[in-house]
Amino acid sequence: MNALPHRTPDEVSTEGTVMNAMTEPVRRAVIVVGAIVLIGGIAGLIVSSGQDLTEPRGARVGALMHLNPLGSWVSIALGVLTIVGGVLRSHAAVLAASVGLFVCVVFVTFGANRPTNPLGGTASTVSFYLGPAAGLLALVLAERAAQQAASSSVEATDDAAREHDH
Amino acid sequence: MSVMQAPRSPVDIGGLEGRASRLSLVAIRIVLGVTFLHEAAWKRPPDFGSESGRGLWEWSNFAVDFPVFLPYSWFVENVVQPNFIFFGWVTFFLEAGIGAFLILGLLTRVTALAGVVQSFAITFSVLNQDVFSEWSYAYYIMIAAFLAVFGTAAGRFYGLDGVLRPLWKRSGGKIAQLLLRAS
C-alpha cells in the first residue's frame, strides 16, 4: 500500500496557486506600512503647501522629516501603490513600491543639503523612506522563499511517492 | 507528584497583563526610533559641518576637547577626524537606519545593538562638554532602553519581525537563520 500522498497535476497546480498568494499577516503588514507612507505624504502636502514643487529644503512634517510638495506627492503615490498591492495581494505591486521607495532613499541621500534636492528631504526623510522600502522588500522576499521551500517539499514528497509506485 | 511549571514572561502571557507588557515595549521601541529619525536630520552631507565647524563636526570634537573616555578620545582624534566625511556618512546611515528599523520593528535586535553602540559614542562625546546644556541621565536612559529592546526582541510584538520570523523559519537556509538571530 502506498503510504505517501500522491498528487495529480491538478492538485499541484491548485496548491501552487494558493502558495503564491499573499498570506493574511503579510497583507495586513503591507497595508499598515503603506498607510504610514501615505499619511506621511499627506502631512507633507499640508505643511509644504506654500512651497515650490521642488523646494530644496522641504517643510518640516511635525517634528519628524522634511518634504517638499513633490516629495509629498511621490510619498502619496507610493503609499497608495503599497496599499493597493496589499488589498489585491499583489507581490509585484508591493515590490514596485519598495523599489520606488529605495529610489527616493537614493534621491534624498544625494540631494540632502544641496541646491538640487528634488524631494526636499534630509537624513530624517531617508529614514522615513528606508524603513518601508526595506520592510516591504523583506515581506515579499521572505514570503516567496517560504512558499518556494514549501513547494520544494511538496515536489520531493511527490517524487518519493512516484518512485515508491514504480 | 505535581510537575512545577516554569514561570512565564509577562510578554508571553495572554490577557490584559500580557498586552500591557507588549504595548509598553512597543512604545519604548517606537519612541527610540522616532528619536533617531528626528536626530538624523542635522547630520548634513556632504561636509557634515567640517567646513563651518558646526553640526556633527562640532559635536564629535567634544570627545577630544572634553574627554570622557580616553581611548575613545584617541580614536576620534586619530581615526575619525582624519576620515571625517566617511564617518559622517556612517553616522548618517546608522541613525537613519536605527530610526527606520525600530519604528517598524524590523531586524530589531541587531538594530538595538547598533543603537547601544551609537549611544555610547554619543555619551563619550558629549558627557563632559559645557557648551550646550545636556542632561547626562538622558544618555544612560537611552542605552538602557536600547538594551531593553534588544533583550525582549521588541519587534516581535506589533512589528514586522513578528510577521517575518515565521516565514524565515519555514524557508530555512543560512540567510534566514541569520535574519532570525537579528530579529
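How many helices and how many strands does chain B have? Select chain B and you will find eight helices and zero strands, where helices (H or I, at least four residues) and strands (E, at least two) are DSSP runs, numbered from the N terminus.

Before going on, note that this is a predicted model, in which local features need pLDDT of at least 70 and side-chain atom pairs count only at pLDDT 80 or more, while totals for chains, interfaces and linings use all residues. Residues are numbered from 1 along each chain as its sequence is written, and chains are lettered from A and ligands numbered from 1 in the order in which they are written.

Stay with chain B and colour it by pLDDT, the predictor's confidence in each residue, from 0 to 100; the mean for chain B is 92, and 95% of its residues reach 70 or more. The model scores ipTM 0.89 and pTM 0.87. Taken along the principal axes, the C-alpha atoms of chain B fill a box of roughly 70 × 35 × 30 Å.

Next, select H7(B) and helix H8 (residues 174-182) of chain B, which pack at an angle of about 150° with their axes 8 Å apart; axes here are lines fitted to C-alpha atoms, for helices over the stretch in contact, and angles run from 0 to 180 degrees between N-to-C directions. That angle makes H7(B) roughly antiparallel to H8(B), because angles over 145 degrees count as roughly antiparallel. Show Arg165(B), Trp168(B), Lys169(B) and Ser171(B) of H7(B) together with Ala176(B), Leu179(B) and Leu180(B) of H8(B), since these residues make the contact, two residues being in contact if their C-beta atoms, placed from the backbone, lie within 7 Å.

Now bring chain A into view and select the interface, where 26 residues of chain B are in contact with 27 residues of chain A. On the side of chain B that touches chain A, helix H1 (15-39), helix H4 (84-104) and helix H7 (160-171) each supply at least two residues, and the largest share, nine residues, comes from H4(B).

Conventions:
Angles under 35 degrees count as roughly parallel, over 145 as roughly antiparallel, 65 to 115 as roughly perpendicular and the rest as oblique.
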